[in-house]
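Colleague: Hi! Could you walk me through this fold while I have it open on my screen?

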Amino acid sequence: MRLLVTRPEPDGERTAQALRARGHAVALAPLLRTENVDFVLPEQAFSAVVLTSANAARAVAEHPGRARLTALTAFTVGRRTAEAARAVGFRDVRSADGDKRDLVDLLRADLQRIQAGARAPLLYLAGEDRAGDLAAAGLPVHTAVVYRALKADHFPPPVATALAQAELDGVLHFSARSAEAYLDCAARGGIGNQALAPVHYCLSRQVAAPLSAAGAAAVRITARPDEAALLELVESG
């Protein structure tokens, strides 16, 4: 198939390589650009670090408090985030291998192993724009914003042309913000209807929501919120 990957770099290229290895023709249009946010690490003690994105783990790599942070246990939402955490120096990494609800369940199970009040709060290293927060789940947490994702204004010209001329069979979407950016770029380019025509492969129902609301007829959603499941979904058609 002829596919478009909208994921930010460096993850977008990795996904593209995996698809090419399966025989697909792949175009890249990173519709979000991430940048680190300077953050002050509080003096208080924390029991563990929580990461819901590989981008948050990468932000730790350049922080002056890296050694203090990586000495803590890291709880991650999935395997890719766990890999990124290990890459920047975290030694004890525990992955929920799922979505944020699975992560909350993992954290609650860990908290139940100790007496209430006997543990310092969690440190959640988060993105500036995120769906929900761990504090809303009733967890003792301090949230620090460590990165932001900036939307692209336009498609790369070759991608805009491919969409306009119906030369793409499918588009892979990894976040609701990148799906929104996809629709925004299509509207600015005057190809809103053409951009809805391919099959849209989405990491979750939340990711799919903007596309469905915009009128995309062919929306496929993974059984699990991870890259491997999305690749499997593409292979299944």
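Colleague: What is the strand order in the open sheet of six strands?

Modeller: This is a predicted model, and in it the six strands run in the order E3-E8-E7-E4-E5-E6, with mixed pairing.

Colleague: Which are the edge strands there?

Modeller: Strand E3 (32-36) and strand E6 (93-95), each of which pairs on one side only. From one strand to the next, the twist averages 25°.

Colleague: In which sense do E4 and E7 pair, and over how many bridges?

Modeller: Strand E4 (residues 48-51) and strand E7 (residues 122-127) pair in the parallel sense, over four bridges.

Colleague: Nice. Which strands does helix H5 touch?

Modeller: H5 (residues 100-111) packs on the sheet and touches E4, strand E5 (73-76), E6 and E7. The direction of H5 makes about 145° with that of E5.

Colleague: And where does H2 lie?

Modeller: Helix H2 (residues 54-61) lies across E3, E4, E7 and strand E8 (141-151). H2 runs at about 100° to E8.

Colleague: Let's switch to the sheet of five strands. What is its order?

Modeller: That one is also open, ordered E2-E1-E9-E10-E11, and its pairing is parallel. Its edge strands are strand E2 (25-28) and E11. The twist averages 25° from one strand to the next.

Colleague: Over how many bridges do E1 and E2 pair?

Modeller: Four, in the parallel sense, with E1 covering residues 2-5.

Colleague: Now the helix pair H7 and H9. At what angle do they pack?

Modeller: Helix H7 (residues 176-188) and helix H9 (residues 205-214) pack at about 25°, and their axes are 7 Å apart. Angles under 35 degrees count as roughly parallel, so H7 and H9 are roughly parallel to each other.

Colleague: Which residues meet there?

Modeller: From H7 you have Ala176, Ala179, Glu180, Tyr182 and Leu183, and they meet Gln206, Val207, Pro210, Leu211 and Ala214 in H9. That contact divides into eight nonpolar residues, one polar and one charged.

Colleague: Staying with H9, which residues are buried?

Modeller: Val207, Ala208, Pro210 and Leu211 are buried in H9. They cover an arc of only 150° around the axis, so they sit on the same side of H9. On the other side of H9, Arg205 and Ala213 are exposed.

Colleague: What covers the buried residues of H9?

Modeller: The cover includes strand E9 (170-173), H7, helix H8 (192-196), strand E10 (199-202) and strand E11 (219-221).

Colleague: Last topic: is Thr70 buried or exposed?

Modeller: Thr70, which lies in helix H3 (residues 66-70), has a relative accessible area of 7%. Buried means under 20%, so Thr70 is buried.

Colleague: What is Thr70 in contact with, leaving aside its neighbours within four places in sequence?

Modeller: With those left aside, Thr70 is in contact with Val60, Val88, Gly89, Phe90 and Arg91.

Key
Residues are numbered from 1 along each chain as its sequence is written. This is a predicted model: local features need pLDDT of at least 70, side-chain atom pairs count only at pLDDT 80 or more; totals for chains, interfaces and linings use all residues. Side-chain values use heavy atoms; hydrogens and water are left out. Axes are lines fitted to C-alpha atoms, for helices over the stretch in contact, and angles run from 0 to 180 degrees between N-to-C directions. Helices (H or I, at least four residues) and strands (E, at least two) are DSSP runs, numbered from the N terminus. Angles under 35 degrees count as roughly parallel, over 145 as roughly antiparallel, 65 to 115 as roughly perpendicular and the rest as oblique. Contact means heavy atoms within 4.5 Å. Ala, Val, Leu, Ile, Met, Phe, Trp, Tyr, Cys and Pro count as nonpolar, Asp, Glu, Lys and Arg as charged, and the others, Gly among them, as polar. Two strands pair if DSSP finds at least two bridges between them. Buried means under 20% relative accessible area, exposed over 50%, partly exposed in between (1.4 Å probe, protein chains only). The arc is that of the directions from the helix axis to the C-beta atoms.
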